[in-house]
Amino acid sequence: MCAMASAEQLVAAALQGAANPNHEIVQKAEAQLSEWEQQPGFFPILARLCMKLQGDGDAAAAAAAAAAAATLSDAVKIRWMAAVYLKNGIERYWRHNSRLELAPEQKQQIRDILLQHYSAEDVPQVALQVAVLLSKIARIDCWPELLPTLMKQLQSCSAAGSEAPAQQQRTLLVLHYVIKALASRRLLAEKRAFEELAAQIFSYMAWNIWAPLTARFLQLQKTEPAAHSCLQRAHIAMRSLRKLLVYGCGSKPYKSSDHMNFIEQLFERLRQCLELRYELRMRTQEAGGNQQQQQQQLIADLERFILKMMKTLNEFMERHSLSFARFVPMALEFSFHYVFHEGTALIFDAGERINFSNFVIQAINLLKGIMMSGNDSIAQDQSANTLEDELLATAAQTQSKFFSVERVTYLCEKIVTHYFLLTAEELAEWQQDPESYGQDDGGGDAWKYELRPCVETLYFTCFTQHSNIMINEVLKFVRRAQQLQLTESSELKAILLKDAIYNAVGQASFHFFNKLDFGSWLTSQLLAELRMEASNFRILRRRIIWLVGHWVGVQLPRELRPLAYEACLHLLRPEEDMPIRLAAARTLNLLIDDFEFMPEAFHPYFAALFEALFLLLREAGACDTKIVVLGTMTLLVEKMSEFIEPQALQFIAYLPLLWRESEEHEYNMLRCAIIGTLEQLVRTIRDVPESMKPFLYSVIELSTDLQQRSHVYLIEDGIMLWLAVIGNSTALTPELLQLCDHLLPIIEMSSENLRTVLQLIHAYILLDAHAYLSRYGEGFVAYCVRSFEDIRTEGIIAMLRIFETCLKTDATMGLRLVRPALPFVFQQVCLKQEYPMTMSWYLTLLARTLLIDQSVFMSVVQELPQTDALARILDVWIEMFPLVADTHAEKRKLFCLAFASIFGNNELLLARLPHILQLVEETLGEVMDKQYAATDEGADKATPRYYDSLVIHDEHELEEFQPQLYDDFHSKTYHDDRHRQLVLKDPVYKIPLTEYLKWQLQHLQSQLGAPRYDQLMRAVCPEVLEKINMYIEQTVPKACGVCAGSGDDSEPPLPDGGASARTALD
């Protein structure tokens, strides 16, 4: 016992140190506690220390000794820290098969301690941690004793009546967290287990706990402390019932009277609580001092209780729409009454200010959910059950009857003239934090939590469900706005009404296509209002330019777009309010990103607008604001690339300053925007200024360094910038080469960026093959060999493409580097298990190897496990040859050159020569084009001659091959020029196939002798031989119209290495 007390004293002292304000003491304590985590018995000691143990003198003495002269708060901190460390330990060491799983006896000790003493904890912070502890264990483990113990404790508290409210509240808190944890499990068996549990306890929780507590709260005098206690306990019970109802009622809750009665009871309690809240608010205004604070706290807790009931209704409707169909009439009347009709008096002040906006959000979402479900979940169900059909029919009839023309008209009027009006709070926010107000971020799930986005989604839903009625009503408001002529001295009320009407038109702009002549409205009224400079007119200036942006993609005539550009320029002035300038920047973004945007028409405004945006970017202080403006400027750079040069230098000079600012505040999203802008600038201006290059290299270095925390956000954009820089570089500088240290770590960490990294490597090889391959080639090939078995076909093809580029740029070095990968390639050809596209790339690499060095080819073949590997390779090659796409004539010619290079006295080859010549004849038909030359007999006749269409003599002839050659970069860059030079060196585009075939056949005849050669040719189809001879005899140089053929039997230029290893297969 003394040893245990001593251990507890040590742990308690360490926990006290972990709660110390001194950072050094905290570090030492945390290190000590981390070391003890591996010691048996540590976590049971934490369990004892975190609980308020009754009658345990030793534990009490230990805590007292460890915290000598400590205050009560210090002792509480020790217990709270013990609970936190125990909670973290459960996360790490409780799960089965974890690295250092706790022993079963230690787990049982912790369970016993927590289960015996959880109800004695009276400190709220510690009680909350203990509840979370129990819930985590319950979620991980099967703990059959927990829920029966909690329910038994709850029943005993209920039997004791008002004598044990605190203990009942603690038990309800623990039960809530346990139910919440169990409801979060997602495996099917776990869901079913939770449904069984919910069926056992829902009725008791609803009718024996929640209902009596709620009724008692409503009956008691609101100044009594007992009333507040009842409300708190009812709220905790409601939180548990929400999980039980939504996740534990099975697939058909409408068959359970308990569930249906509970939903019905919720509507009744909501009405009572809303009325009570109104009474309490009236009473609070008359009270004063301490009583007023108590009343305000009671109102706050009551509001939480109301919101919890509303969230329960909304979630039940979303997950069990069929069962909710029974309550559609009740829910529609409830929401409409309190949000749009007489009940609004309970949630609005005398000055029409909403004092319970969260309730309004929940009620509107309930109304909107019912409207939307009228088209899917309520109206459409696959079940044929009679009761279900009846529920669906009743719900549909109720909606149709409820949303009459008068009701929808009334809703539209209330939304536009009441909820769309800017409030005093919003106008105050405009003044206090204009950049934040100007963000206008109503996207995502904002409609679930913010009032204005919530009302706007309801408004749009009304349009989707009742478009004709809504269109007619909003058009009436438009006519009203057109008739309402404003002056500089107009009242704020009139300006706010117009703002609301313009908002209504913009929110549903697509519904007004061909229904509203926006162009004439813009020119006759809106532009004039936009130029009014009175203080209150800032509201309309922002709304009008916002409205223009919403009509860009709907019906903004091309001839009016210059007026829109002028309006944006006018509102981007430095003296304008920041929200107006931001709205103008967003509208400008929509204008230039539109399909009908014309750079020529925009050019007169370009310089001034770019300058205004640049000034706005410099003045903006918030990160989000800078991102918005930078995005618009980046789009301008892209769309106006032909005119950007004068503005680019000033813009480029500012970006390093903006980058340093983002580094100081770690604005990673702003960094992403800056990198995107830099990429667009690099692609646009092509010749990157020398002064900009160090900054670009440093940005790429930071973005792609896996040791930097920011790489998580920046790596993708950084690689794209890197790709643009390489594409527009003319030489491989030491700084650019040094950046390649990051390439392999990036793709070894994850294949997410494999495609762009392989494009980068390909660009580096074209830029300077010798420098890059000599330093990084072996490491890259080794990575490819390791990855071939694990990556998808797309990645393999990209790697093989790079291998081919290595062989084309520097045949000797390339073959030496690629050599370790060739056994895998040859083996895949032997196995013939790949799809034709992949196989064609394997055969391409095989052909390139054969053309460069046949001895290397044979050495790889000899390494294969198959004894007949060469025969298999030739057979697969011949079989797969016809599957090469017709669009890839260059590959077919490459294969024919490779076949021709091995014509020799080899039985494997001679046996397959007829098939090979047939493939050669088919390829000649594809690559040979006709041109006509005048005959010697007369000029009135023409004789067809043939030339190899793939032979390219100079860069001018490359134009027709551009779609095939420029697949890595979208615009013309120096990378394209390097591609051109590589093509001009490729044997496929240098050597006429007929000349090379003619010479190789002559060489074969000299090897075999005339009799054997003739005998071999007799095995070939006569038509094939005839066509081959015709192509050979009638070949002329490309674009030559006077000669019938060169008649030169001299040896044509051989592919790289062809002569050095011609007899390797002989």
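**Glu596 is partly exposed, with a relative accessible area of 33%, and its side chain meets that of Arg561 in a salt bridge.** This is a predicted model, in which local features need pLDDT of at least 70 and side-chain atom pairs count only at pLDDT 80 or more, whereas totals for chains, interfaces and linings use all residues. Residues are numbered from 1 along each chain as its sequence is written, and side-chain values use heavy atoms, with hydrogens and water left out. A salt bridge is a side-chain nitrogen of Lys or Arg within 4 Å of a carboxyl oxygen of Asp or Glu. Between Arg561 and Glu596 the N to O distance is 3.9 Å. This pair links distant parts of the chain, 35 residues apart: Arg561 belongs to helix α26, and Glu596 to the loop between α27 (578–592) and α28. Helices are DSSP runs (H or I, at least four residues), numbered from the N terminus. Arg561 is buried, with a relative accessible area of 3%. Buried means under 20% relative accessible area, exposed over 50%, and partly exposed in between (1.4 Å probe, protein chains only).

**Two further salt bridges, Glu778 with Arg816 and Glu804 with Arg848, are shown in this view.** The closest N and O atoms of Glu778 and Arg816 are 3.8 Å apart. Glu778 lies in helix α37 (residues 769–787) and Arg816 in helix α39, so that distant parts of the chain, 38 residues apart, are linked. Glu778 counts as exposed at 56% relative accessibility, while Arg816, at 48%, counts as partly exposed. The side chains of Glu804 and Arg848 meet at 3.1 Å, N to O.

**A network of salt bridges links Glu533, Arg541, Arg573, Glu575 and Glu576.** The structure holds 44 salt bridges.

**The structure holds 48 aromatic pairs, and Tyr565 with Tyr605 is one of them.** The two rings are tilted, at 5.7 Å centre to centre and with 55 degrees between the planes. Tyr565 lies in helix α26 (residues 561–571) and Tyr605 in helix α28 (residues 599–619), so the pair ties together parts that are 40 residues apart in sequence. Rings of Phe, Tyr and Trp (its six-membered ring) pair if their centres lie within 6.5 Å; planes under 30 degrees apart count as stacked, over 60 as edge-to-face and the rest as tilted. Ring pairs also link Tyr565 and Tyr605 into a cluster with Phe597, Phe602, Phe606, Phe610, Phe614, Phe651 and Tyr654. Tyr565 is buried, with a relative accessible area of 2%, and Tyr605 is buried, with a relative accessible area of 16%.

**Trp877 and Phe899 form a tilted aromatic pair.** Their ring centres are 4.4 Å apart, with 35 degrees between the planes. Trp877 in helix α43 and Phe899 in helix α44 (residues 889–901) are 22 residues apart, and the pair links distant parts of the chain. Trp877 counts as buried at 0% relative accessibility, and Phe899 is buried with a relative accessible area of 0%.

**Charged side chains lie over the faces of Trp659 and Trp841.** Arg671 lies over Trp659, at 5.9 Å from the ring centre. Lys891 lies over Trp841, at 3.7 Å from the ring centre. A charge sits over a ring if NZ of Lys or CZ of Arg is within 6 Å of the ring centre and within 35 degrees of the ring normal.

**Helix α40 (residues 822–831) is mostly covered, with 8 of its 10 residues buried.** These buried residues are Leu822, Phe824, Val825, Phe826, Gln827, Gln828, Val829 and Cys830. Their cover includes α38 (793–809), α39 (811–818), α41 (836–852), α42 (854–863) and α43 (869–880). Lys832, which follows α40, has a positive phi, near 55 degrees.

**Met669, Val712 and Tyr713 make a nonpolar surface patch of about 330 Å².** Patches are made of residues with over 30% relative accessible area and no salt bridge: like charges are joined within 9 Å, and nonpolar side chains (Val, Leu, Ile, Met, Phe, Trp, Tyr) within 5 Å. Accessible areas come from the Shrake-Rupley method with a 1.4 Å probe; for residues, only the protein chains shown count as cover. Val712 is found in helix α33 (residues 711–727). Val712 is exposed, with a relative accessible area of 58%.

Notes: Helices (H or I, at least four residues) and strands (E, at least two) are DSSP runs, numbered from the N terminus. Contact means heavy atoms within 4.5 Å.
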